[in-house]
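Visitor: I have a structure open and want to learn how to read it. Can we go through it feature by feature?

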Amino acid sequence: MAMKEYILNESSVLSEEQLTAVRKAEKKPVVFDEDSPELTDQQLAGFRRVHEMKQAERRRQNITLRLTPQTIQKAKSLGKGYSGILSRIIESTINDPEMLKRFL
């Protein structure tokens, strides 16, 4: 029988004790709880709509932004993901009235 490898994230693997607990849990039968019945197709569809709305709110848009070469160099020196860092800096500044006043 091939052994499954359980990975929590890219840098950690489950310990032998944790693997043993997972293997025991795999062998147990599924027991349904009458206090938590299975969701209906209609309920699942409602969750799907909410998920899609939330996803649309978080969707990012591409824009063109003119920056000085020095700013671009500093941003790139932050490493991989620097555009996400710039996005958070801008968002944080836009949402901070005192900080925003400094630049207007």
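Visitor: How many helices and strands does the chain have?

Guide: Count the elements before looking at details. This is a predicted model. The chain holds five helices and two strands.

Visitor: In what order do the elements run from the N terminus on?

Guide: Read them along the chain. The order is β-β-α-α-α-α-α.

Visitor: What is the mean pLDDT of the chain?

Guide: pLDDT is the predictor's confidence in each residue, from 0 to 100. Here the chain has a mean of 85. A value of 70 or more is reached by 88% of its residues.

Visitor: Which elements have the lowest and the highest mean pLDDT?

Guide: Strand 1, residues 7–9, is the lowest, with a mean of 57. Helix 3, residues 69–76, is the highest, at 94.

Visitor: What share of the residues in the chain is buried?

Guide: Burial is judged by relative accessible area, with under 20% as the cut-off. Of the 104 residues in the chain, 5% are buried. The accessible surface of the chain is about 10600 Å². Carbon and sulfur atoms account for 55% of that surface.

Visitor: How much space lies in the largest pocket?

Guide: Start with volume, then ask what lines it. The largest pocket holds about 910 Å³. Its lining has 22 residues, and those closest to the centre are Leu65, Ser83, Leu86, Ser87 and Ile90.

Visitor: Which helix gives the most to the lining of the largest pocket?

Guide: Helix 4 does, with nine residues. This helix spans 82–94, and helix 3 also supplies at least two residues. Sort the lining by class next. It has 10 nonpolar, seven polar and five charged residues.

Visitor: How many salt bridges does a search of the whole structure find?

Guide: First the idea. Side chains of opposite charge can pair when their charged atoms come close. In this structure the search finds one salt bridge. Lys101 pairs with Glu98, with the closest N and O atoms 3.7 Å apart. That pair counts because the cut-off is within 4 Å.

Visitor: Where do Lys101 and Glu98 lie, and are they buried or exposed?

Guide: Both sit in helix 5, residues 97–103. They are three residues apart, about one turn of the helix. Lys101 and Glu98 are both exposed.

How values were computed:
Residues numbered from 1 in each chain as written. Predicted model: local features only at pLDDT ≥ 70, side-chain atom pairs only at ≥ 80, totals over all residues. Heavy atoms only, no water. Helix = DSSP H or I, 4+ residues; strand = E, 2+ residues; numbered from the N terminus. 1 Å grid on protein atoms, 1.4 Å probe; cavity = no way out; pocket = protein on both sides within 12 Å on 5 of 7 lines; lining within 4 Å. Points joined across faces, edges and corners; volume = space filled by probe spheres on them. Nonpolar A, V, L, I, M, F, W, Y, C, P; charged D, E, K, R; others polar. Buried < 20%, exposed > 50% of the residue type's maximum accessible area, 1.4 Å probe, protein only. Areas by Shrake-Rupley, 256 points an atom, 1.4 Å probe, with all protein chains shown as cover. Salt bridge = Lys/Arg side-chain N within 4 Å of Asp/Glu carboxyl O.
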